[in-house]
Amino acid sequence: MSSSNESDLIYALDDRPPFREASYAAIQHVLASFVGIITPTLVIGGVLGLGEHISYLISMALIVSGVATFIQAKRPAGVGAGMLCVQGTSFAFLSSILAAGFIAKANGGGPDEILALIFGVAFLGAFVEIFLSQFLHKLKGIITPLVTGIVITTIGVSLIKVGITDLAGGFKAPDFGSAENLILGVTVLTIIIVLNRSSNALIRLSSIIIGLVIGFIIAGFLGKISFAGLATLPMINIPIPFKYGFSFDWNAFIPIALIYLITAIETSGDLTANSIFSKQPIKGDLYQSRIKGGVLADGVNSLIAAMFNTFPNTTFSQNNGVIQLTGVASRYVAYFIAAILIVLGLFPIIGGVLQQIPKPVLGGATLVLFGTVAAAGIKILASENLDRRKLLIMAVSFGAGLGVLLNPGVLGEMPKIVQNILGSAVTLSGLTAITLSVILPEPSSSEEQVSEKEMFQEK
């Protein structure tokens with residue numbers, strides 16, 4: 001296919017592709033999103049020591065992603081964008097969820113209590129996004145691209161520590177930083193980089209999965225994998241609402257509620273990109289209806305996710321690239337994607353095998369994923385006209401957020417609630433950016449001209 005018609009659609013939004021074409025397109029979407037769906041669960045399970053629960057949590061992540069993708073495409077009762085929007089576990093919540101887990105742990109809770117708190121605050125937090133979906137257009141003056149870029153960059157930077165820790169062997173690993181761990185992690189990282197530069201689009205889309213598989217095989221030869229526990233897993237995983245209970249803590253809730261606010265804006269951007277690739281309007285009533293329904297579905301799907309024991313969902317931006325690649329924008333393909341994800345999630349052995357991925361292998365992949373999150377935030381910031389006001393907001397927001405990340409003890413003498421809320425780099429940088437954006441006046445046109453003149457003179 002020539003470059004001139006690469007973006008032309010073979011199957012439009014409401015077309016029904018034949019079974020073979022629909023299945024092939026669906027598999028490509030699953031390959032592009034699979035690692036993103038399961039990785040947050042693997043990271044959270046590993047950091048919080050959730051052990052035997054991880055396999056079940058992975059299964060629930062896959063099943064709920066399938067259901068959520070179906071809802072976005074089907075649009076029942078106006079819930080959903082009515083487009084091919086693949087939903088999956090959101091990386092944006094990762095640091096806030098880990099913080100909530102550590103709050104439960106500090107109170108003496110075990111895995112069940114940790115998960116009860118995480119899913120409790122995630123469930124109630126989803127109502128924030130559900131509510132915001134009805135007033136999204138009024139938030140754009142507060143949650144600007146500047147604020148979104150700062151928050152997403154901080155999320156990525158704060159998660160890089162998790163990725164590099166896993167690459168070296170994992171937190172408190174007896175062989176942490178060993179040459180074997182570092183070589184294994186760097187090997188996976190190198191494979192992903194090389195494959196990502198391939199001219200073959202399918203190989204690029206599958207680079208992380210291929211890197212994980214090769215790393216997994218190498219780790220097997222090194223004796224780092226054991227399948228001894230797989231025999232004890234049940235044949236089928238049955239979704240059980242609030243399997244681990246339900247609890248709440250304001251300290252855990254506020255950071256997660258803030259991320260729901262940010263992802264509502266982020267999702268509207270992903271849905272706009274999806275509309276462009278699907279040759280749908282990006283102005284007018286139909287467009288506004290799609291955005292409203294899509295963000296509403298984001299909140300409802302996160303509500304379902306918390307109810308059925310997995311972490312908040314969001315639309316995956318990488319799948320917009322698959323639409324452009326395949327020329328298939330049919331929302332009926334989403335039904336195939338949903339079916340594949342649900343079937344994968346029903347069988348515990350899949351989660352059991354994935355749980356055995358060694359930390360260095362996972363770290364080699366997550367280092368790329370988390371770095372990509374940070375890079376996405378930087379890209380948003382780079383698209384802004386960075387005048388003195390915006391640079392000041394960025395400087396103070398990053399200084400505050402990354403400051404508490406690098407030295408958590410700075411809040412050691414503050415009340416516990418202040419430590420738990422403002423001790424999160426993402427929360428502090430986000431709140432700082434929002435506050436400064438509201439209270440600092442926009443520069444007048446004459447000030448902007450002076451600023452540009454100063455910049456020119458400096459050059």
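**Helices, burial and contacts in a predicted model**

Q: What is the phi of asparagine 309, the residue that follows helix 11?
A: This is a predicted model, in which local features need pLDDT of at least 70, side-chain atom pairs count only at pLDDT 80 or more, and totals for chains, interfaces and linings use all residues. Residues are numbered from 1 along each chain as its sequence is written, and side-chain values use heavy atoms, with hydrogens and water left out. Asparagine 309 comes after helix 11, and its phi is positive, near 65°.

Q: How far apart are the end C-alpha atoms of helix 11?
A: Helix 11 covers residues 284-307, which is 24 residues. The expected span of a helix is 1.5 Å times one less than its number of residues.

Q: How many helices and strands does the protein have?
A: Helices (H or I, at least four residues) and strands (E, at least two) are DSSP runs, numbered from the N terminus. Counted in this way, the protein has 19 helices and two strands.

Q: What is the radius of gyration of the protein?
A: The radius is taken over C-alpha atoms, and the globule rule is 2.2 Å times the number of residues to the power 0.38. For 459 residues, a compact globule would come near 23 Å. The protein agrees with this, at 22 Å.

Q: Is asparagine 319 buried or exposed?
A: Buried means under 20% relative accessible area, exposed over 50%, and partly exposed in between (1.4 Å probe, protein chains only). Asparagine 319 lies in helix 12, residues 318-326. Its relative accessibility is 1%, so asparagine 319 counts as buried.

Q: Which residues does asparagine 319 touch, not counting those up to four places away in sequence?
A: Contact means heavy atoms within 4.5 Å. With residues up to four places away in sequence not counted, asparagine 319 touches His29, Ala32, Ser33 and Val86.

Q: What is the relative accessible area of threonine 165?
A: Threonine 165 has its place in helix 6, residues 145-167. Threonine 165 is buried, because its relative accessible area is 18%.

Q: How far apart in space are threonine 165 and phenylalanine 176?
A: Leaving aside neighbours within four places in sequence, threonine 165 is in contact with Gly170, Phe171 and Phe176. Threonine 165 and phenylalanine 176 are eleven residues apart in sequence; C-alpha to C-alpha, they are 8.4 Å apart.
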